[in-house]
Amino acid sequence: MPHDHGHAHIDPNSGDRRVAIAIWANGLLTVAQIVGGIFSGSLALIADALHNFSDMASLVIAFPRAGSRAAQPMSA
Ligand SMILES: [Zn+2]
C-alpha cells in the first residue's frame, strides 16, 4: 500500500545492505520526529514517528531473508 508521505519503502528484491540502511534510516527518523514533536507540541509528528517505528519493526522481521529470497530456491 503506497503512502502519501516522503519515505521510500524497500522492495522485496533489494539486498541486505539496502534493508539495513532502511532500518537505520527509519530508526533515526523515528527518534528525530519524536524529539521534534515533543519540542514543537506536534501530535502529527509523533504519530508519523510511530508509523516509521512500525515500518522499522517490519523491516527487522523481514531482514534475515530479504536479500536471499530471490537468489535461492525454497527447499522443503
Ligand atoms: Zn511507512
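This dialogue explains how to read several features of a predicted model.

Me: What conventions apply here?
Reply: Residue numbering starts from 1 along each chain as its sequence is written. Because the model is predicted, local features need pLDDT of at least 70 and side-chain atom pairs count only at pLDDT 80 or more, while totals for chains, interfaces and linings use all residues.

Me: How many helices and strands does the chain have?
Reply: Both are DSSP runs numbered from the N terminus: helices are H or I with at least four residues, strands E with at least two. The chain has two helices and zero strands.

Me: What span should helix 1 have?
Reply: The expected span is 1.5 Å times one less than the number of residues. Helix 1 (residues 16-40) has 25 residues and should therefore span 36 Å, in agreement with the 35 Å between its end C-alpha atoms.

Me: Is Pro64 buried or exposed?
Reply: A buried residue has 20 or more other C-beta atoms within 10 Å of its own, an exposed one 12 or fewer, and a partly exposed one a count in between, with C-beta atoms placed from the backbone. Pro64 is exposed because it has 10 C-beta neighbours inside 10 Å. Pro64 belongs to helix 2 (residues 43-66).
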